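Here is a report on one protein model, written for someone new to reading structures. Have the sequence and the 3D view open while you go through it.

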Amino acid sequence: MRHRLNTATSGFEAPLAAIDMDAWDVNAADLVRRAAGKPIRVASKSVRSRSLLRDVLGRDGYHGVLALTLAEALWLAGTELSRDVVVGYPSADRRGLARLAGDEELADAVTLMVDDVAQLDLVDAVAPADGRADVRVALELDLSWRPAGGRVRVGAKRSPLHSVDDIVRLAQVVQSRPGFRLVGLMGYESQIAGVQDDPPGRAWRGRLIRSVQRRSWAELTERRIAAVEAVRKFADLEFVNGGGSGSVERTVSDLSITEVTAGSALLAPRLFDGYTSFSPRPAAFFAVPVVRRPGPGIVTVAGGGYIASGAAGEDRLPVPWLPEGLALDRSEGAGEAQTPLLGSPADDLAIGDRVWFRHGKAGELAERFDSYYLVRGERLVDTVATYRGDGKTFL
């Protein structure tokens with residue numbers, strides 16, 4: 001399977017990035033199966049290519065986009081890729097807020113994420129309520145687990161709205177303020193969706209993680225259901241969003257959820273190798289050329305140091321994929337200028353040959369390349385622009 005990447009892209013110079021569309025198809029279908037009939041909102045930050053987003057949004061089971069920033073949301077809605085774009089994080093983009101509030105079509109297509117009255121105040125300061133289109137708003141409920149009386153926190157530090165009372169108070173403020181329309185709630189269970197529960201080579205850690213996740217899930221589900229019920233008493237919610245690629249089955253089992261977010265499982269980066277509930281097929285790769293042969297069992301490739309964001313650790317490094325059997329040098333890792341690779345396959349590689357890697361995360365690979373080569377079987381079927389290739393960067 002992996003050698004066909006070389007065949008399909010042989011006419012192009014490395015470094016380059018390729019998407020295995022056969023694996024993409026399998027992963028897209030498997031996400032729909034896991035969602036069990038609930039629509040999937042695509043996390044655009046995990047894809048970062050309008051062509052690939054258009055492809056998946058054209059498939060049954062997918063509807064809407066969860067964008068990284070307001071600028072991205074306005075771009076996607078303005079180019080009619082989707083007329084249902086939720087900004088996944090609060091925004092302080094004054095220019096973007098002014099554009100949103102001044103365009104009724106955009107205001108009808110884009111939903112802002114809010115977790116603080118000050119974020120509403122900022123919108124009003126940029127565009128007073130009496131002279132703008134109504135701004136669609138969703139509230140984010142913090143779904144971190146806080147056992148031991150709150151002295152311990154498990155999960156990402158996101159929204160300050162943790163309790164049912166917290167979310168209800170802000171929902172009532174939104175409902176009472178002119179110029180805003182409360183249309184949704186969101187909650188991201190990061191300690192479940194974004195944490196491998198079966199990390200390779202660390203069985204003891206997997207058992208601990210699964211135990212924590214079970215207890216966290218019971219608590220957050222009860223709290224989320226109560227929050228949704230409380231807000232629905234006075235607000236007509238269009239959607240209740242939750243989850244991520246790593247928690248789809250669990251998330252959709254919560255009856256308060258109307259849709260689930262996913263994106264990374266389409267491309268299956270390194271950080272999604274260790275889940276018990278699903279095994280996506282790796283679909284995104286990058287190739288860099290061999291430029292040195294320092295000695296037996298060693299080759300050096302140009303660049304390759306594409307490190308994933310998050311807490312620094314080995315799992316944030318790219319991993320050699322083809323030819324099989326190569327490994328990073330622990331003393332050097334993946335470098336900005338060069339990356340040494342160790343293993344017996346190195347002796348069969350010549351100057352100019354390619355080594356294929358997988359990135360730690362899904363979308364961040366698109367920040368390194370202007371285009372993706374789309375491969376089916378041994379054929380190159382298309383070349384599509386990434387956001388970078390479209391001249392766009394968001395954060």
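## Two cis prolines

Pro 323 sits in the loop between β12 (319-322) and β13 (327-328). Helices and strands here are DSSP runs, numbered from the N terminus: a helix is H or I with at least four residues, and a strand is E with at least two. The peptide bond joining Leu 322 and Pro 323 is cis, with omega at about 0 degrees. Another cis peptide bond joins Ala 14 and Pro 15, and there omega is about 10 degrees. Pro 15 has its place in the loop between α1 (3-8) and β1 (16-20).

A word on what you're looking at: this is a predicted model, where local features need pLDDT of at least 70, side-chain atom pairs count only at pLDDT 80 or more, and totals for chains, interfaces and linings use all residues. Residues are numbered from 1 along each chain as its sequence is written, and side-chain values use heavy atoms, with hydrogens and water left out.

## Positive phi angles

Ala 268 is buried, with a relative accessible area of 2%. Buried means under 20% relative accessible area, exposed means over 50%, and partly exposed is in between (1.4 Å probe, protein chains only).

Glu 80 also has a positive phi, near 60 degrees, and it is a residue other than glycine. You'll find Glu 80 in the loop between α4 (70-78) and β4 (85-87). Is Glu 80 buried or exposed? Glu 80 is exposed, at 63% relative accessible area.

## A negative patch

Glu 80 turns up again on the surface, where it gathers with Asp 103, Glu 104, Glu 105 and Asp 108 in a patch of negative charge. For patches like this, residues need over 30% relative accessible area and no salt bridge; like charges are joined within 9 Å, and nonpolar side chains (Val, Leu, Ile, Met, Phe, Trp, Tyr) within 5 Å. Asp and Glu count as negative and Lys and Arg as positive, while His and the chain ends are not counted. Glu 104 belongs to helix α6 (residues 104-109) and is exposed, with a relative accessible area of 65%.

Now look at helix α5 (residues 94-101), where Gly 96, Leu 97, Leu 100 and Ala 101 are buried. If you look down the axis of α5, these buried residues fall within an arc of 130 degrees, so they line one face of the helix.

## Salt bridges

How many salt bridges does a search of the whole structure find? The search finds 29. A salt bridge here is a side-chain nitrogen of Lys or Arg within 4 Å of a carboxyl oxygen of Asp or Glu. Three of these pairs are worth a look:

| Pair | N to O distance |
|---|---|
| Asp 30 and Arg 33 | 2.8 Å |
| Asp 315 and Arg 316 | 3.4 Å |
| Arg 388 and Asp 370 | 2.8 Å |

Start with Arg 388 and Asp 370, whose side chains meet in a salt bridge. This pair links distant parts of the chain, 18 residues apart: Arg 388 is in the segment after β17 (379-385), and Asp 370 is in the loop between β15 (354-358) and β16 (371-376). Arg 388 is partly exposed at 37% relative accessible area, and Asp 370 is partly exposed at 45%. Elsewhere, salt bridges that share partners join Arg 4, Asp 20, Asp 22, Asp 25, Asp 55, Arg 59 and Arg 376 into one network.

Asp 30 and Arg 33 are 3 residues apart in helix α2 (residues 21-35), so about one helical turn separates them. Asp 30 is partly exposed, at 23% relative accessible area, whereas Arg 33 is exposed, at 53%.

As for the remaining pair, Asp 315 is partly exposed at 29% relative accessibility, while Arg 316 is buried at 16%.

Definitions and conventions:
Accessible areas come from the Shrake-Rupley method with a 1.4 Å probe; for residues, only the protein chains shown count as cover. The place of a charge is taken as NZ of Lys, CZ of Arg, CG of Asp or CD of Glu. The arc is that of the directions from the helix axis to the C-beta atoms.
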